[in-house]
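Please read through this explanation with the structure open beside it. It goes from the contacts between chains to some details inside them.

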Amino acid sequence: MLFTIFAALTVAGAVAAISLRNLVHSVLSLILAFAGLAAVYLLLGAQFIGFAQILVYVGAVAILIVFTILLTRNDGTFGHSSQASWNLGALIVIAVFGTLAWAIHSSTALHHAPPPQPEATMQQIGTALMVRFALPLEVIGLLLTAALIGAATIALHEKQERP
Amino acid sequence: MTALSYNSLHHSSPQAADQIFVIVQHWIVGHAPVGLQPLLAILLSVVAIVGGFGLLFAITTILERKGLGRIQNRYGPNRVGFFGSLQPIADAIKSLTKEDIVPQTADKLVHLLAPILLVLAAFSVYAVLPVGRNMVLVNLDAGVLFFFAIGSVTEVAVFMAGWSSRNKYSLLGAMRAIAQMISYEVPLILSSLTVIMATGSLSTVSIVEKQAGYTGILPHWFIFTPWGFAGFVLFMIAATAESNRSPFDLPEGESEIIAGYYIEYSGFKFALFFLGEYLGMFAISGLAITLFLGGWNAPLPFLTWVPSYLWFFAKLLTLIVAFIWVRGTLPRLRMDQLMNFAWKFMLPMALLNLITAAVWHFMPAGPVRWLVSIVLVVVPYTVLGRNQMHKGHLEKRVYRFAE
Amino acid sequence: MLGEGIAKGLIETARNFLGSYVNKDRLTTVQYPEERLPQAEATRDFPFLVYDGEDWQAGLRCVGCQICEKECPPKCIFIEKSTDKKPDAVGKPQFYPAVFNIDISVCMSCQICVKVCPFDAIKMDTAFELSTYDRFGGLLWDKAKLAKPNQHYHEIHPTEAAEVDGRLADERAKADAKAKAAAEAKASAPPPATPPAAPPANSGVSSTS
Amino acid sequence: MTPLSSCLLLSSLLFSVGFAGVLMRRNAILILIGIELMLNAANLNFIAFWRYGSAPEALTGVMFVIFSIGVAAAEAAVGLALIISIYRHRKTTQIDRMNSMRG
């Protein structure tokens, strides 16, 4: 029941995000989709992921996109492609979704009884991050630092004054 | 998963005063049919939170206006009721009966949703705030993370308000507010990380429980350690910026951009923004109390008979008074000063404070540990502070566009 | 050291806060509707029309010359001249304003109308609590509302009013003497042209300030 | 329909929507939004398989999503910085107008 509501919310937000004309409306719908997805994560018992989803996607990524939209003024043309490529795109998307749905529907591996709710306490996640996944954690830290510095350098670059 | 464990109904008389609200809740819930009991319990807690903190909001507005008045040698409101004590009611009636104006070119739906989202987010964070022993709506395993996650939704609400108004001042205010909130969220989270490191838990309740107990008469609060004190100060500075209060009230800056992102709001929606802002301030003060000031614990061992929720609210009021005092004292910062302060002082201090906390954690207890920790806090403070003072004040400000 | 100034400031505000409870001299606020500060004699707010004697319509000094209407910077005065004449303060037959309206909500209290008035007919009042429920009609004052007796002028600006009265009395005496001389001359000689009404050129009311 | 397959259906729907965004819109920001949606669909798959999978105590799915969120944040930051940088030079965010190599 709850899952259906949140799933509908997520899909509605996603569809609105890619189809609305106003970019800011798109981002606001995207936030709705992210929040719905976070709720789905919470339903699935992944508390940490749910809150991290809100913190990172709603609080950071969406805000970042908003800033970008405001820094790059819309130049009047709406982002829809021509009719022909639109039709082609729709065809491809429907094909992809059909394949995925058919695969999910026909798979026999998925039809076993759901196991009991697994535990993912903060303690376990912390221990796993610090012991088993210590190296990936360091790598992701390095990646984030590099991305931060890189993004700052790219975006800070001031256009040279032409004499 | 309410923390109001249904089996802890055995209590002696001093505990009865402490647990009075829990007992009353159990008594009320006990009359409901079994299937509805958890729902009713949550509903009652929500009503208590909304009512209690709504009342605190009313008290704070009058306290703030009176206090600021006295700081500036004025009387403050003194007309409605006894010494102006009924002023909040008059204000409420006024803002509820005012005309609701929506600009013609505004994005009506977003304009409407922004204050609602802000207040919802502001109220949601109280779910993990323990206001007393066994008095928390949900004892989440990731409580502190929940707090920060929901707190970041405020930024979205602020942006919605500023953008949908179609007013350059409101957009400017929103951009300022978001830039400020993001910049100060980093030191805010980093300074609370020290406590999470020390307790090994993200649950607000267990963080408070870890701070119970006394050495002599000194309580085991984290503020009474060098890293805890530094962390508390950093946290409160960042909290002031997060809740857009003076001296970090640039987003509102009434002398430059009139009221920032809520310039186009009137009547009830404006009141909602006002409410949301104060609720955010209470919530973040509550988190500071939870993390550093021992939550509901009594400050002295012989005062433990006083009910725990009274201690929480006493500490909350103290912090509110401190907020008002600072607001009455300091002028507003400039945007470049604000950002410099966040990235060149707060961030390095918070990072170094993490190291201090780690050093404290791994050194054996004793005076050496105290000495090393204090040095680790004071030396960077002096160096960074000197840097701020000289770089911030003596450099001539370069205007890029106003030549 | 960073934070030193903040600490000093906090101490100062705390001193203010506590001091305001101990020392009542710190609180300079006047509790306005109950307590009022005395008004200075040169206080000016909005114009009114002076009349002499008992009947305001007969005693109105204004002759409807429309100088103030033309000079008023925010254009808040509206005058319609009468078609007939009535004797003025000096006793000479003059026009009078059939309509004299001032939109108080537009008036900016500049006192230019008073300065340019050659007949001392318009002066500044000191009443300032003029709020009404109707901001369009309620603050558009007509002749009847604007007319106030000379005694009122004496009450609010005694020095200035005395000076104006003295000057008017002088003029009246001068006019009387002239009229008498003219009458005598008329008795002995063919009638000359009517003497021009001596305008009290630049009769400043600001001399009292 | 089992809970796992409904989760997977939701995730494939989300993926398709994101894919449609990438294919059908020309605005660089919207394409980035589509990519984010596709990444989120993948994350949902990981969580679903962790929840209903065979060895949930290993926390592999959760860990993968944590790192994926980190990578996504980095990707968004760099991508948006690139968009801003391109906008400075070409005054557009439409992908098909970014067709020359000269800056």
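In this predicted model, chain C and chain B bury about 1800 Å² between them. Carbon and sulfur atoms give 62% of that area. The size of an interface is often given in this way, as the accessible area lost when the parts come together. On the chain C side 20 residues are in contact, and they meet 19 residues of chain B.

Which residues form the salt bridge between these two chains? B:Arg79 pairs with C:Glu34, and their closest N and O atoms are 3.1 Å apart. The count of salt bridges between chain C and chain B is 1. Polar contacts join 8 residue pairs between chain C and chain B, counting pairs with both residues at pLDDT 80 or more. The side of chain C that touches chain B is made up of 10 nonpolar, 8 polar and 2 charged residues.

The next interface is that of chain A and chain D. There are 3 pairs of chains in contact, and chains A and D share the most contacts of these. Chain A brings 81 residues to the contact and chain D brings 69 residues. The area buried between chain A and chain D is about 6700 Å², with 76% of it on carbon and sulfur atoms. How many salt bridges are counted between chain A and chain D? The count is 0. As for polar contacts, 2 residue pairs are found across the interface of chain A and chain D, with both residues at pLDDT 80 or more.

Several helices of chain A each supply at least two residues to the side that touches chain D, among them helix H1 (2–19), helix H2 (23–43) and helix H3 (47–71). By residue type, the side of chain A that touches chain D has 58 nonpolar, 17 polar and 6 charged residues.

Two other pairs of chains do not touch. Chain A and chain C have no contact, and their closest C-alpha atoms lie 29 Å apart. Chain B and chain D are not in contact either, with their nearest C-alpha atoms 14 Å apart.

Now look inside chain B. B:Ser183 lies in helix H7 (residues 168–199) of chain B. Is B:Ser183 buried or exposed? B:Ser183 has a relative accessible area of 4%, so B:Ser183 is buried, the cut-off for buried being under 20%. The side chain of B:Ser183 reaches the backbone oxygen of B:Ala179 at 2.7 Å. Leaving aside residues up to four places away in sequence, B:Ser183 touches B:Met339, B:Ala342 and B:Trp343.

The last stop is a strand of chain C. Strand S5 (residues 97–103) of chain C has 5 of its 7 residues buried, so S5(C) is largely enclosed by the rest of the structure. S5(C) pairs with strand S2 (residues 77–81) of chain C in the antiparallel sense, over 5 bridges. In this part of the structure, C:Phe78 stands opposite C:Asn101 in S5(C). S5(C) is also joined by 2 bridges to strand S7 (residues 140–141) of chain C, and these two strands run antiparallel. Here C:Ile102 has C:Trp141 in S7(C) as its bridge partner. In a regular strand the side chains alternate between the two faces of the sheet.

Technical notes. Residues numbered from 1 in each chain as written. Chains lettered and ligands numbered in written order. Predicted model: local features only at pLDDT ≥ 70, side-chain atom pairs only at ≥ 80, totals over all residues. Heavy atoms only, no water. Contact = heavy atoms within 4.5 Å. Buried area = accessible area lost by both parts, 1.4 Å probe. Salt bridge = Lys/Arg side-chain N within 4 Å of Asp/Glu carboxyl O. Polar contact = N/O pair within 3.5 Å; in protein donor to acceptor, adjacent residues only side chain to side chain. Nonpolar A, V, L, I, M, F, W, Y, C, P; charged D, E, K, R; others polar. Helix = DSSP H or I, 4+ residues; strand = E, 2+ residues; numbered from the N terminus. Buried < 20%, exposed > 50% of the residue type's maximum accessible area, 1.4 Å probe, protein only. Pairing = 2+ DSSP bridges.
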